Amino acid sequence: MNGDIFAQVNLPRVYRRRKWVNNIILGLTGLTVILAGIPLVWIVIYVILKGWRVINLDFFIHLPTAMGATGGGVTNAIQGSIVMVIVAAIIAIPLALLIAFYLLYYPQTRLGVAIRFSTDLLSGVPSIVIGIFGYALFVLPFKHFSALAGGLVLAMIMLPVVVRSSEEMLKLVPKELREGSLALGAPEWKTSLSVILVAAMEGVVTGIMLGLARAIGETAPLLFTALGNEHYDVFGYIKQGIATNQSLWEIFHKILAEPTDALPLTLWKYAQQPYPERVEQSWGVALVLMLLVLLLNIGARTWLAWKRRQTHG
Amino acid sequence: MSNTQSLFQQKNDLRHRLGRFTNHGDRFWVAALFGSSLLILILVLMIGWEVWALSAPSRHAFGWAFISPWAKAAWNPALDRFNAWPAIYGSLVTSAIALVLAVPFSIAVAIFLAELAPPLLRTPLNYMVEMLAAVPSVIYGLWGIYLFLPKVVHPIGAALQNTLGVIPGLSTFFGGPIPASGISKLAAALILTIMVTPTIAAVTRDVLLAIPRSQREASLALGATQWETIWKVLLPMGLSGILGAVILGFGRAIGETMAVTMVIGNTSGGGYSVLKPGYTMASIIANEFAEAVSDLHSSALIEIALVLFVVTIILNAISRWLVMRVQRKTMGR
């Protein structure tokens, strides 16, 4: 006799109605979750199916062929993305960590609040506006689109992501560690870098990976800073530089101060061209980009969860 | 012997004094922390300053008429006359539709994630929300052009055009026909719906999770069903946080560039109808800035960036304030 309690007691209709409303609405929320998953599954499966067909070794190591011709690859975009993301990482990561430490030590001061607030604002500024800003600051004065300008705007995109996640992670480090280190006579900077940062390392790395994922997928800020360049080829520049006896500086200049392509930029351009070969290739670019972004994301989160479980038993 | 000892002492003394002067390096450390933190503040101010300064020619030429819906001038690079209203309208209408659709939807998703999901499902579902937010905007655009528009947007648009489009008052907004490719403001709005859902859902979920358990227990103990607890206790408690989430989503939607640029068609000929192509503020910049025909043209585009910047700054500020308020309220002080 332990069946449905409502059936036994013969409750007034209003109770039954409340129970039904509850079940129906809660069921509906489950349905919305399934609906929300549909676009993701649709995109992932379709990009894999369509992208897989055009991906081969040539796709990674060859420059694009002339428009309308078959074959060729997108090595220019892959190399450009790597160069710009490295530039962004070199600039954004140390800066973000310093800011995160500032927020850790001075959380409630007036400047601390202002910094946290402007970090939030920076993450909310539309990427296209950051692109215009980058154009005004790094392109207009030099009259030259460049990988450096692209890297700098990507650093601006990365910065707030890494600051906020690092701050959260640094905050989790127990106070006693810092106090212990200071009590042993270590200066504050040594304590920060070799005790607190090391203790929070896995979380900080996760934040950095999320920042990289964000930066590598951004298109809008690159439109007016990196512009795009179907002949961008770092290895080509180095080979040519060695052959013509250029100095290291000249080669670097060539790599960083030329207009540059990037994966999302190439995807955007190829997707809208009337040549079917290029549209096909854009699916390949989408696949590479999506795998990079999703793997960075999933990797970062899974790694953090795994490390956490390891340390907390 | 005494000679070497004094030398040693001297050296040590210098090191000691230097160490004391720099506070064993901490002076530099604090200076570095302070400097880099100031940098981010300066960066935000500089973005505002640059777009303000570079839009000066356009601001002087058009004044407030630039953003006025009633100005006679349209967006016309050939004549060097610029009025941003078509783009502002495009941004507002696409974001508004996206929010109307995404808000109930993402609150439902958040309720499921925070209140109902069994522990086994919680992690994968949270991953799913993060992934939806992480997929780059261009990939949404590519998927939009070749799959979402012809398969989903076009049928919906055709249905709207045959139902709402024939009602006299509404035909301005739902007048057809929708292009066969599906490229329209509706397409942009629907893609934005998908793109802002994870943002709103994630923040709402966090707001709900921040509400103490005792509130739920009290309500359930009084005999309320789970839904009544959510509807009458949790949602009102988290209201300002949820509002913050919605405004954050609005900021995202209005600033979203690439996916919208790829599906909205980029013409000013579509008028008010959502079934026709159009512009948004972000898409007009992405589409025209590289090929601006005159200095005034690029200045006008930068003025649109200024409008976008101001709007998103205000929206973000309000949303952070609201979310902070609900956190302070629920965490206790």
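Which residues of helix 13 of chain B are buried? They are Met281(B), Ala282(B), Ser283(B), Ile284(B), Ile285(B) and Ala286(B), where buried means that 20 or more other C-beta atoms lie within 10 Å of a residue's own, exposed means 12 or fewer, and partly exposed is in between, with C-beta atoms placed from the backbone. Helix 13 of chain B covers residues 281–288, and six of its eight residues are buried, so most of it is covered. Helices here are DSSP runs (H or I, at least four residues), as are strands (E, at least two), and both are numbered from the N terminus.

A word on the model itself. This is a predicted model, in which local features need pLDDT of at least 70 and side-chain atom pairs count only at pLDDT 80 or more, while totals for chains, interfaces and linings use all residues. Residues are numbered from 1 along each chain as its sequence is written, and chains are lettered from A and ligands numbered from 1 in the order in which they are written. The scores are ipTM 0.92 and pTM 0.92. For chain B, the mean pLDDT (the predictor's confidence in each residue, from 0 to 100) comes to 89, with 95% of the residues at 70 or more.

Two residues are in contact if their C-beta atoms, placed from the backbone, lie within 7 Å. Of the contacts in chain A between residues at least 6 apart in sequence, 77% link residues at least 24 apart.

In chain A, domain 1 runs over 5–52 and domain 2 over 57–311. Their centres, taken over C-alpha atoms, are 39 Å apart, and the contact takes five residues from each of domain 1 and domain 2 of chain A. On the domain 1 side, three of these residues are nonpolar, one is polar and one is charged. The classes go as follows: Ala, Val, Leu, Ile, Met, Phe, Trp, Tyr, Cys and Pro are nonpolar, Asp, Glu, Lys and Arg are charged, and the others, Gly among them, are polar. Chain B has domain 1 at 2–51 and domain 2 at 65–331, and 47 Å lies between their C-alpha centres.

The two chains meet through 66 residues of chain A and 64 residues of chain B. Several helices of chain A supply at least two residues each to this side, including helix 4 (75–105), helix 7 (147–171) and helix 14 (276–311). Helix 2 of chain A gives the most, 18 residues. By class, the chain A side holds 48 nonpolar, 13 polar and five charged residues.

Beyond its neighbours within four places in sequence, Ile191(B) is in contact with Tyr140(B), Gly144(B), Phe148(B), Ala259(B), Val260(B) and Val263(B).

Over in chain A, Met158(A) sits in helix 7. Met158(A) counts as buried because 28 other C-beta atoms lie within 10 Å. Leaving out neighbours within four places in sequence, its contacts are Ala88(A), Ala92(A), Gly211(A), Arg214(A) and Ala215(A). The C-alpha atoms of Met158(A) and Ala213(A) are 8.8 Å from each other, although 55 residues separate the two along the chain.

Most residues other than glycine have a negative phi, yet Lys143(A) has a positive phi near 50° and Asn266(B) one near 55°. Lys143(A) is in the loop between helix 6 and helix 7 of chain A, and Asn266(B) in the loop between helix 12 (258–264) and helix 13 of chain B. Lys143(A) is exposed because it has 6 other C-beta atoms within 10 Å, whereas Asn266(B), with 21, is buried.

Technical notes:
Domain bounds come from an automatic or database domain assignment.
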